[in-house]
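Please read the report below alongside the sequence and the model.

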Amino acid sequence: MKTSRIENSKKNIGFGLIGKVVQILFKFLLRTTIIYYFGAVYLGLDGLFLNIISVLSIAELGIGNAICFALYKPLAEGNHSKIYTYMLFYKKVYYILGVLILSLGLMVIPVLKYIVNFDYSVSVNYCAIYILFLFHAVSSYWFGAYLQVLYIADMKEYRVNNIKNIIFMAMVVMQIAVIIITHNYYLNLMVVIAGNISTNLWIAQSARKDYADILKLKTASMTSGDKQQLKRNIFALTVAKISTVIYTSSDNILISIFIGTLIVGHYSNYAYVVSAVSGLIAILFSGLLAGVGNANAIESPQKMDQIFQQMLLVNFWVYGLCFICLHQLLQEFIYLWAGENYLLSSGTVFIVLLLFLVPGLNHTCTIFKDACGLFWETRYRMAVTAAINIITSIILAYKLGLIGILLGTIISYFLSTFLYDPQIIYKKILKRNPAKFYWWYLSSFLKIMGADFLIYRVIRHIHASTWMLLVLKGVACFALVNFFFLIINRKKQEFLYFKELIFHEYARRKK
């Protein structure tokens with residue numbers, strides 16, 4: 001089983017990274033096509049409606065995560081009856097959720113005019129676009145979509161991702177063809193809906209074949225203990241899900257209301273690049289999640305602390321490297337890609353990247369929280385984050401505009417999640433004083449800012465006026481950041497551990 005877990009983790013990370021790179025490239029081509037044929041207004045509506053739909057999708061309430069967590073043990077034990085019980089429950093819930101989201105979504109239509117804010121001389125039927133986005137969201141809950149949780153809980157998510165990536169590539173090619181040939185944005189969205197339904201049907205067919213012994217059962221019942229535990233986790237994840245969606249989706253909505261939907265389109269280009277990088281990092285770290293959960297079940301707090309410190313080094317290196325490279329290159333990338341009209345101010349771009357770095361440096365705590373099942377202990381924390389975010393963003397929006405809304409999000413994170421999560425991790429898992437973590441966070445942040453400034457002084461003379469020069473500047477930045485991090489971390493115990501691990505793996509492969 002251990003070997004199987006390791007192999008599945010490798011496949012999940014490997015196929016996940018390949019799939020993510022493919023998605024980034026294809027989304028880049030699609031976004032470029034939309035910019036060329038339709039302009040920033042459609043990008044703004046795209047970003048705005050995705051956030052509105054995300055808020056509506058809080059109806060999912062974290063049930064998927066709770067079911068996935070509940071399936072780990074029966075899958076490992078081969079308890080088919082219990083697995084079928086959970087899946088039967090999940091099937092019913094997913095159907096109801098689709099109906100609920102459709103109903104809530106239709107109720108939003110009358111208030112769209114207060115949210116959408118752009119020059120109405122532009123010929124855009126935003127209600128029709130919104131309805132298509134809504135049907136796309138609803139289709140994510142029907143047509144056997146619930147069955148993908150089996151692959152995820154069984155550490156075979158790579159099979160789901162492979163299916164999604166194949167259809168995604170075909171769908172994007174069709175979208176680009178439709179846009180170029182017809183110049184019709186509505187047909188483009190219909191292609192997306194068709195692609196989503198096709199994905200669900202394919203995954204469902206595959207799951208019914210791979211898990212036939214489970215899904216062919218006809219009777220099942222859930223024990224009172226299972227029900228109680230499931231209800232407890234669902235409640236905790238419900239609060240966290242609602243709060244997280246409000247926290248992550250409120251910025252675009254507030255930007256549209258207070259500043260304009262057109263600015264959402266400009267901002268979304270930067271957010272797209274940053275989210276692409278975040279997605280790659282998430283896949284990289286996802287392979288560690290199951291390992292941390294397994295270690296928590298069998299290892300001592302001292303060993304868990306050792307693992308935590310090792311992950312902190314990886315956390316610092318990955319997020320620091322990405323932040324500095326983005327800060328040095330993003331503005332010139334947007335200029336070469338979309339044009340001068342799509343540029344935001346340098347100060348705004350820095351704040352956008354702080355939105356990436358601030359929670360990023362805390363990512364190890366997030367992994368430990370999720371892997372160790374600390375759902376109940378952190379159930380109200382994100383609610384506080386979301387509330388502070390909305391209040392501070394609205395107040396600062398009047399004074400600072402776009403920067404104020406983004407700063408409100410950063411402030412809310414520091415005042416809640418940043419203060420609370422490490423306390424829980426250190427108390428429940430590591431059995432240590434969390435003051436050590438806060439010092440690590442501050443020193444890491446200052447090191448990254450210092451490295452960013454020094455590297456800027458070195459490469460500022462490379463003006464990336466062409467794609468070739470941008471690549472050259474990127475290579476120089478990448479090399480300098482790694483060199484700087486190597487120098488400051490070379491004597492740390494965690495660095496020596498990874499160094500030995502890499503050399504050992506290299507020697508093993510040469511034999």
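## Helices 13 and 19

In helix 13, the residues Asp305, Phe308, Gln309, Leu312, Phe316, Gly320, Phe323, Ile324, His327 and Gln328 meet Lys436, Phe437, Trp440, Ser444, Lys447, Ile448, Met449, Ala451, Asp452, Ile455, Tyr456 and Ile459 of helix 19, where contact means heavy atoms within 4.5 Å. Helices here are DSSP runs (H or I, at least four residues), as strands are (E, at least two), and both are numbered from the N terminus. The model is predicted, so local features need pLDDT of at least 70 and side-chain atom pairs count only at pLDDT 80 or more, while totals for chains, interfaces and linings use all residues. Residues are numbered from 1 along each chain as its sequence is written, and side-chain values use heavy atoms, with hydrogens and water left out.

Two packed helices are described by the angle between their axes and the distance between the axes. The axes of helix 13 and helix 19 come within 10 Å and cross at roughly 30 degrees, the axes being lines fitted to C-alpha atoms, for helices over the stretch in contact, with angles that run from 0 to 180 degrees between N-to-C directions. Helix 13 is therefore roughly parallel to helix 19 (angles under 35 degrees count as roughly parallel, over 145 as roughly antiparallel, 65 to 115 as roughly perpendicular and the rest as oblique). The crossing of helix 13 past helix 19 is right-handed, a word used if the near helix is turned clockwise from the far one by less than a right angle, and left-handed if anticlockwise.

## The nonpolar cores

The largest nonpolar core has 95 residues, and those that touch the most other members are Phe308, Phe323, Ile324, Phe356, Phe368, Phe437 and Ile448. Helix 13 (residues 301-337) gives this core its largest share, 20 residues. A nonpolar core is a set of buried Ala, Val, Leu, Ile, Met, Phe, Trp, Tyr and Cys residues joined through side-chain atoms within 4.5 Å; buried means under 20% relative accessible area, exposed over 50%, and partly exposed in between, with a 1.4 Å probe and protein chains only. A second, separate core holds 32 residues, including Tyr94, Ile101, Val138 and Leu147.

Once its neighbours within four places in sequence are set aside, Phe356 is in contact with Val274, Val277, Ser278, Ile281, Tyr319, Cys322, Phe323 and Leu326.

## Helices 4 and 6

Helix 4 (residues 80-108) and helix 6 (residues 126-139) have axes that come within 9 Å and cross at roughly 165 degrees. Helix 4 is therefore roughly antiparallel to helix 6, and helix 4 passes helix 6 in a right-handed crossing. The residues that meet are Gly98, Ile101, Leu102, Gly105, Leu106 and Val108 in helix 4, and Tyr130, Leu134, Phe135 and Val138 in helix 6.

## The chain as a whole

The secondary structure comes to 21 helices and 0 strands, and buried residues make up 50% of the 511 residues in the protein. Of the contacts with a separation of 6 or more, 84% are between residues 24 or more positions apart.

Trp337 is placed in helix 13 and counts as buried, at 10% relative accessibility. Although Trp337 and Ile35 are 302 residues apart in sequence, their C-alpha atoms are 9.8 Å apart in space. Not counting residues up to four places away in sequence, Trp337 touches Phe28, Arg31, Thr32, Ile35, Asn269, Tyr272 and Trp467.

Ala145 sits in the loop between helix 6 and helix 7 and is buried at 2% relative accessibility. Its C-alpha atom is separated by 6.6 Å from that of Ala204, 59 residues away along the chain, and the residues that Ala145 touches, beyond those up to four places away in sequence, are Tyr94, Ser140 and Asn200.

## Two loop residues with positive phi

His183 lies in the loop between helix 8 (157-182) and helix 9 (185-210), and its phi is near 55 degrees, a positive value in a residue other than glycine. At 48% relative accessibility, His183 counts as partly exposed.

Lys431, in the loop between helix 18 (417-430) and helix 19 (435-459), has a phi near 55 degrees, again positive in a residue other than glycine. Lys431 is exposed, with a relative accessible area of 54%.
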